[in-house]
Amino acid sequence: MNVLHSVIFGCVFTASVLMVLLDTTWDDETKRHEWNFQDSIHYDDTDGYFVIGGGKYIPGIHGYFGPMKYYRFGTAETENPLHPKSTLHELEKTHQECEEIKAFTEAFCEEVAGENHSLSTNNKGVCTTGFSGRWGQLKDRKKTCTQTWTWKVQHQFSTLYRVLQTKEDIIETGSFGIKHLGRLLFELAVAGLFSVDRLTITSKPVSLLQVSSCFGNHRASLLLATIHLSGLGRPVNQQQAHVYSLIGAASDDRLALMHIGYKHTQGIDGFPEDLDLAYSYYSNVGSQTSLDALRIHDSEQYLPEYLHIENKEDLERMRQDETSDVFQYLKYQAERGDVEAQKRIGTMLYWGQNGIPKDLARAVKWLERSAMQMRDPTVMYDYSILLMQGKGVKRNLTRGFRLLKKAAEMGSVNALNGLGWYYGTVLNDHKNAVKYFERAALNGSGDALFNLGLYHLNGNISGNPVANESAAFKLFLNASRYGHVAASVEAAWYLSTGSLEGVSQDVERAVIILKKVCEQNGHLGFMIREALQAYLQGSWQDAFVKYILAAETGLGLAQSNIAHLCEELNLSYDCQWRYHNYSILNYDPHPSALLKMGDHYYYYSSSAQEDSLSLAERTISMYSRAALAGSPQGMYNLVVLAHQGHILPLGVLNSFNVSQWDEQDTVMEKILKRCVEIEDVERVSPCSVALLGLQMGKAWRRVTQNSAQLLLAYASLLSIFVIIVVVPVQSCLEHRGHGIAHRARTLRHDGVNLNREQDGFMGRPSRVAGNLWLTTLNGQRWLRRTCDLVVTLSGLCFFAFWTTVFYHVL
């Protein structure tokens with residue numbers, strides 16, 4: 001629903017109000033009401049709250065508002081964003097087509113099931129039959145069926161007609177309802193979007209999606225809006241996209257509401273930037289999220305798990321199931337009595353974490369075994385709440401209260417809040433309830449802060465029975481910082497209206513608060529989980545559709561993942577760029593998205609002939625934001641840019657304790673030191689290598705600035721050469737000396753033997769050989785000593801040089 005509300009004082013309201021009312025049942029009709037005011041309507045500011053389209057105190061309508069504008073005296077006028085007027089006509093045309101589609105389907109069901117058993121609201125929207133046999137086998141029927149539509153109509157809805165023909169058996173059994181048909185058509189459309197691994201969006205899947213939307217499947221409405229906005233396989237058609245965005249939002253579909261709220265927040269894809277309007281959509285989802293949290297164990301709800309599919313470590317963790325080694329080891333430890341393992345298994349089964357499906361009954365058994373050991377106050381609290389609420393176990397308030405009290409005594413803050421709830425709700429003892437809430441709130445319990453806020457809002461505080469909205473707002477705002485959904489919705493309302501004395505209107509802050517809690521919605525979590533499971537199973541096309549639906553809600557994680565899938569599926573580069581670009585528009589973008597966009601701008605800045613300066617500035621901005629978010633890669637990229645001569649922003653320099661007057665090397669060194677601090681110290685990282693190189697370079701420059709140290713540097717270089725030459729020569733001499741000594745010993749031994757056998761003439765050669773051996777040996781000893789001396793002096797020079805270098809480094 002396109003709604004708008006605000007507190008306006010002394011305003012002038014001029015309008016030609018067009019409202020299109022609609023219904024989603026089979027026998028609905030679109031009603032068109034138009035009022036034209038001839039003169040401006042002046043609204044007196046003393047009359048209080050002025051609302052257009054419904055708000056907290058005034059219900060809205062099920063439909064759309066046409067062109068209208070309002071403004072306060074002396075200010076610029078504010079126009080209704082539902083422009084141009086042709087959008088309204090397209091909406092009316094689309095709803096009229098839906099009525100024709102529904103009439104055709106109903107007529108088909110009448111022909112199959114019999115004229116007295118049509119698909120209508122009277123029989124809860126289900127085709128029933130009073131006979132057996134397939135349509136067309138008229139001889140088996142008790143009454144003759146006649147076709148009630150023309151060939152022109154049959155041709156107009158040929159795609160739907162062929163699908164219905166394949167489902168005649170199900171229609172006859174009476175088990176084919178509206179929702180079933182809408183879901184079936186959506187699945188058929190999604191299956192037809194891809195041809196092998198290529199996205200091919202033809203008229204057939206689009207037609208199926210249009211019919212699915214008519215039957216109330218507003219995932220189809222959102223997918224149609226996405227196709228028309230993104231230009232994936234089809235030309236961009238923003239007006240048609242806006243029509244399906246509004247249709248989905250008008251039906252209160254959570255993802256469609258988040259989608260259109262996100263577009264109005266950022267002012268993208270042809271949606272005007274309007275925070276007031278964005279707030280209205282987000283507040284709707286926030287209220288639904290608060291109610292969904294009470295039914296989190298519905299089959300189509302999961303707590304969102306934020307995993308990037310390009311992170312292989314995260315993916316491996318999500319590949320677990322109950323047959324995995326990790327789960328089996330936990331189970332083994334749990335069966336041996338390990339409290340932590342029992343709690344871990346119980347938690348995984350309770351919430352459906354790490355790829356394990358939810359199983360409340362088994363989760364309660366493990367939580368009970370862990371809680372009954374009375375050693376972990378956290379699991380004792382969890383199990384006590386299950387006992388008092390009767391979830392997965394027979395309700396037992398007495399046992400639950402005892403366990404809750406014991407957990408509080410052991411230091412559980414949540415248990416203190418639980419005691420407050422028990423005293424206030426069960427025992428109706430508000431004095432003790434407030435006491436426990438205050439104790440829990442002081443220890444950082446978001447639930448306790450919210451509960452105290454309700455007590456102040458209702459005037460149930462002992463000694464102060466008057467409602468205190470200011471105190472309630474402060475408590476709601478504090479609770480919202482802990483992610484409390486209901487508190488966030490209440491705090492955002494006060495901020496959006498500025499109706500509370502002392503609280504300034506801050507719609508942007510209200511939208512930020514609500515967007516964060518809306519992204520905790522269990523139905524969005526279910527969509528993300530389904531997308532991840534499809535990706536892990538190799539069904540990338542199915543993952544693509546689910547991630548793109550989540551991405552259109554403004555969820556940064558889904559936007560990063562769909563951009564990655566665009567790359568893996570070899571889709572157009574515009575697909576990657578679109579979603580990486582949108583992901584950085586969020587209030588807290590993931591560093592990986594900032595790095596991707598930085599790489600994108602860096603690539604084009606290096607190849608672009610024009611506007612390269614602007615692209616370089618964007619590159620620096622992206623890397624700077626990633627670095628400030630704690631990304632080592634962002635810091636390293638900043639150093640590379642600084643080395644290339646780019647000037648870093650002053651804000652970035654200040655965050656690294658660097659001034660704009662510092663030398664480039666100092667800037668780079670401080671950034672790299674911060675990078676090394678947060679990197680994995682167990683392995684060599686790019687930042688650590690770059691830092692070492694930078695410090696060595698600085699040390700070398702310092703050494704070469706002093707003549708004595710420069711001489712030592714040259715001596716060190718010479719010593720390296722000497723060592724390289726001398727050491728092999730020394731080794732060769734040593735080897736040769738061993739050979740000569742061996743031959744001399746042989747000659748001497750032979751000479752002695754000859755002296756014994758022959759005369760003295762034969763003994764003279766041995767004495768000559770001995771003298772020669774002594775002369776050679778003395779020469780080699782001198783050479784070896786000289787070499788040793790040269791190597792020693794070279795080593796001393798080398799050691800002295802590097803000692804000087806490391807002195808400058810440190």
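Which residue just after H17 takes a positive phi? Asn-428 does, with a phi of about 55°. The model is a predicted one, in which local features need pLDDT of at least 70 and side-chain atom pairs count only at pLDDT 80 or more, while totals for chains, interfaces and linings use all residues. Residues are numbered from 1 along each chain as its sequence is written, and side-chain values use heavy atoms, with hydrogens and water left out.

Helix H17 itself covers residues 413-426, where helices (H or I, at least four residues) and strands (E, at least two) are DSSP runs numbered from the N terminus. Its 14 residues reach 20 Å from the first C-alpha to the last, close to the 20 Å expected at 1.5 Å a residue, the expected span being 1.5 Å times one less than the number of residues. At the start of H17, a side-chain oxygen of Ser-412 comes to within 3.1 Å of the backbone nitrogen of Ala-415. Among the buried residues of H17 are Ala-415, Leu-416, Leu-419, Tyr-422 and Tyr-423, where buried means under 20% relative accessible area, exposed over 50% and partly exposed in between, with a 1.4 Å probe and protein chains only. The buried residues of H17 pack against helix H15 (377-389), helix H16 (397-409), helix H18 (430-442) and helix H19 (446-458).

Seen as a whole, the protein has 34 helices and 10 strands, and 48% of its 810 residues count as buried. Residues 24 or more positions apart account for 61% of the contacts with a separation of 6 or more, a contact meaning heavy atoms within 4.5 Å. The accessible surface comes to about 40,900 Å², of which 53% belongs to carbon and sulfur atoms; such areas come from the Shrake-Rupley method with a 1.4 Å probe, and for residues only the protein chains shown count as cover.

The largest nonpolar core has 159 residues, and those with the most contacts inside it are Leu-223, Phe-544 and Tyr-547. Helix H21 (residues 485-497) gives the most to this core, with nine residues. A second, separate core of 30 residues includes Ile-584, Ala-627, Met-635 and Leu-694. A nonpolar core here is a set of buried Ala, Val, Leu, Ile, Met, Phe, Trp, Tyr and Cys residues joined through side-chain atoms within 4.5 Å.

Ile-584 is also one of the residues that Met-597 touches, together with Trp-577, His-580, Asn-581 and Met-622, when residues up to four places away in sequence are not counted. Met-597 lies in helix H27 (residues 591-607) and, at 1% relative accessibility, counts as buried. Its C-alpha atom is separated by 9.8 Å from that of Gln-576, 21 residues apart along the chain.

A search of the whole structure finds 15 aromatic pairs, for which rings of Phe, Tyr and Trp (its six-membered ring) must have centres within 6.5 Å, with planes under 30 degrees apart counted as stacked, over 60 as edge-to-face and the rest as tilted. The rings of Phe-473 and Tyr-494 have their centres 5.7 Å apart and their planes at 70°, so the pair is edge-to-face. Because Phe-473 lies in helix H20 (residues 469-480) and Tyr-494 in helix H21, this pair ties together parts that are 21 residues apart in sequence. The rings of Trp-493 and Tyr-494, with centres 5.1 Å apart and planes at 75°, also form an edge-to-face pair. Trp-493 is buried, with a relative accessible area of 7%, and Tyr-494 counts as buried at 1%. Elsewhere, ring pairs link Phe-104, Phe-108, Phe-157 and Tyr-161 into a cluster.

Definitions and conventions
Polar contact = N/O pair within 3.5 Å; in protein donor to acceptor, adjacent residues only side chain to side chain.
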